[in-house]
Amino acid sequence: MTLPALESTSSCYSLYVNHWFCTSYLRDYQDQLVSATKQHAEITVISVLVGLVVALPLAVVARRLPRLETTILGASTIVYTIPSLALFPLLVPFTGISEKTVIIGLALYSLTILVRNTLAGLRGVPDDVRESAVGMGYAPTRMLFTVEIPLALPVIMAGLRVATVSTVALTTIGSIVSYGGLGNLLAQGVQESFKAQIFAASVLCVLLAFVLDLVILLAQRVLTPWTWKARTR
Amino acid sequence: MIGDAFGYLLDGAHWSGSDGMLVELGQQLLLTFTALLLAAVVALPAALVLGHLGRGGFLAINVSNVGRAIPTFAVLILLSVGPLGTAVLGPFGRAGLATLVALTLFALPPLITNSYVGMTEVDRDTVEAAKGMGMTGSQLFFSVELPLATPLILTGLRLALVQVWATATIAALVAGPGLGNVITAGFYRSDYGKGLAGAIVVAAVAIVLEVTAALSERYADPLVRVQRRQRAMVAVA
């Protein structure tokens with residue numbers, strides 16, 4: 001008969017054994033891992049969506065008004081230059097220690113990527129196509145939604161993939177304000193040299209990036225069937 | 001909180017001394033440029049030769065995609081808790097080796113992808129013309145492809161610089177050296193003025209580095225230099 005106390009201290013994640021990979025850690029800490037992954041996915045998805053909602057109109061404005069384009073691109077490049085560990089603290093006076101701080105910071109980063117890609121996508125629409133639409137009597141708004149944006153969609157989606165994957169990685173830094181999803185587990189793990197937790201959180205982070213990337217790739221296939229049908233033919 | 005931050009920045013005592021911000025700033029700059037230099041020495045020759053030969057494109061492009069998905073925070077922790085440890089490494093400070101290796105790794109993707117793409121994007125007609133003139137492989141490489149690829153190579157260096165500075169800041173989360181320590185010390189002890197002060201310095205240096213790199217990028221582009229010389233000659237005539 002083994003004593004329960006003895007059994008728990010000799011597990012592969014105990015301080016004396018401290019293995020990198022440990023299945024009993026995954027089982028015993030399952031709830032913590034699941035909730036951290038959920039928080040991580042939630043912060044990432046909301047941030048990228050907020051970034052997208054702001055980026056699309058900004059890109060359309062920049063496309064129509066070239067004078068504003070330099071300002072919009074310049075400002076977003078400056079924000080992108082600021083390291084994440086500095087950007088979150090800079091937002092704290094306005095947003096406090098909350099999930100909002102991380103979401104706004106990450107939305108600003110994805111904004112930069114998305115504005116650039118949307119602009120490139122809109123520029124890639126051939127002039128012939130645009131002139132035909134005008135000749136057929138399309139008003140500017142109708143042309144934007146039924147001609148320009150659909151044709152720009154592959155490049156916009158490519159930007160969305162880049163923004164999502166890098167946001168998953170950057171969310172970990174949110175741990176500076178205690179809202180870092182899996183980053184909270186990493187920060188706690190490094191304080192306690194808890195190897196099983198560090199390894200599991202790192203792997204889950206990369207997996208999450210991979211899964212979200214795959215989801216966008218599939219959405220792209222559904223939204224722009226012509227891009228991949230042409231390739232398989 | 002903003003007032004506290006500027007109060008902290010204006011107090012000279014926080015800048016001087018062996019654990020002052022000037023020492024941390026110097027350490028972080030030293031780490032950043034050492035890592036950038038190491039990464040350039042490793043990545044540039046290989047990526048440029050591969051671009052010249054037109055081989056290994058899949059690898060050169062995908063290294064950036066993979067690099068983006070891997071959190072710098074996780075790599076810094078895995079290296080310092082794992083094999084490299086947190087021992088002091090000369091002027092690089094605590095966890096110097098782990099930090100230096102992580103920074104170098106994250107400088108590689110932008111350098112590799114940009115130099116490779118720079119070489120392969122050189123106008124094919126120009127390359128054919130150079131071959132038709134009887135240029136050898138190395139002549140083609142050094143006097144045609146390399147000058148034409150310079151703008152993209154320099155962009156890669158600038159992107160890597162920004163990336164390395166950001167990663168060097170994160171090193172503080174794993175007890176590494178650098179200005180990130182001011183931020184983490186402030187936030188972990190609820191001294192938000194101090195944390196904000198650190199963030200202001202880190203962000204300001206990041207913007208200075210980016211702007212300096214962008215300006216020297218324009219200055220170092222061989223095509224822009226030739227144009228400037230021509231304009232000067234016209235002015236003299």
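Biologist: Where does Ser193(A) sit in chain A?
Modeller: Ser193(A) lies in the loop between H9 and H10 of chain A. Keep in mind that this is a predicted model.

Biologist: What is the phi of Ser193(A)?
Modeller: Positive, about 50°, although Ser193(A) is not a glycine.

Biologist: How does Ser193(A) count, and why?
Modeller: Ser193(A) counts as partly exposed because there are 13 C-beta neighbours inside 10 Å. The buried class needs 20 or more, and the exposed class 12 or fewer.

Biologist: Now chain B. Which loop holds Ser190(B)?
Modeller: The loop between H8 and H9 of chain B. Ser190(B) also has a positive phi, about 55°, and is not a glycine either. That residue comes just after H8(B).

Biologist: Is Ser190(B) buried or exposed?
Modeller: Exposed, because Ser190(B) has 9 other C-beta atoms within 10 Å.

Biologist: And H8(B) itself, how many of its residues are buried?
Modeller: Seven of the nine, so H8(B) is mostly covered. The buried ones are Gly180(B), Asn181(B), Val182(B), Ile183(B), Thr184(B), Gly186(B) and Phe187(B).

Biologist: What covers the buried residues of H8(B)?
Modeller: The cover includes H2, H7 and H9 of chain B, together with helix H5 (84–95) of chain A.

Biologist: On to the contact between the chains. How many residues does each chain put in?
Modeller: Chain A puts in 31 residues, and chain B puts in 31 residues.

Biologist: Which helices of chain B each supply at least two residues to the side that touches chain A?
Modeller: Helix H3 (57–69), helix H4 (72–81), helix H7 (137–170), helix H8 (180–188) and helix H9 (192–220) of chain B. H9(B) gives the most, with nine residues.

Biologist: What is the make-up of that side of chain B by class?
Modeller: On the side of chain B that touches chain A there are 25 nonpolar, four polar and two charged residues.

Biologist: Switching to H3(A). How many residues does it have, and how far does it reach?
Modeller: H3(A) runs over residues 30–64, which is 35 residues. From first C-alpha to last it reaches 51 Å, close to the 51 Å expected at 1.5 Å a residue.

Biologist: Which residues of H3(A) are buried?
Modeller: Among them are Ala36(A), Gln39(A), His40(A), Ile43(A), Gly51(A), Leu58(A) and Ala62(A). The elements covering the buried residues of H3(A) include helix H4 (66–81), helix H6 (99–123), helix H8 (140–171), helix H9 (182–192) and helix H10 (195–223) of chain A.

Biologist: At what angle do H3(A) and H8(A) cross?
Modeller: Roughly 145°, with the axes coming within 10 Å. The crossing is right-handed.

Biologist: Which residues meet there?
Modeller: From H3(A), they include His40(A), Ile43(A), Thr44(A), Ser47(A) and Val60(A). From H8(A), they include Leu144(A), Leu160(A), Thr164(A), Val168(A) and Thr171(A). By class, the contact of H3(A) with H8(A) divides into eight nonpolar, seven polar and no charged residues.

Biologist: What about Leu25(B), which helix is that in?
Modeller: Helix H2 of chain B, residues 21–53. Leu25(B) is partly exposed because it has 17 other C-beta atoms within 10 Å.

Biologist: How far apart are Leu25(B) and Asn65(B)?
Modeller: 40 residues in sequence, and 31 Å in space, C-alpha to C-alpha.

Biologist: What radius of gyration does chain A have?
Modeller: 23 Å, whereas a compact globule of 233 residues would have one near 17 Å. The C-alpha atoms of chain A fill a box of roughly 85 × 50 × 20 Å along the principal axes. For chain B the C-alpha trace spans about 70 × 50 × 30 Å.

Terms used: Residues numbered from 1 in each chain as written. Chains lettered and ligands numbered in written order. Predicted model: local features only at pLDDT ≥ 70, side-chain atom pairs only at ≥ 80, totals over all residues. Rg over C-alpha atoms; globule rule 2.2 N^0.38 Å. Helix = DSSP H or I, 4+ residues; strand = E, 2+ residues; numbered from the N terminus. Expected span 1.5 Å × (residues − 1). Contact = placed C-beta atoms within 7 Å. Nonpolar A, V, L, I, M, F, W, Y, C, P; charged D, E, K, R; others polar. Axes fitted to C-alpha atoms, helices over the stretch in contact; angles between N-to-C directions. Left-handed = near helix turned anticlockwise from the far one by under 90°.
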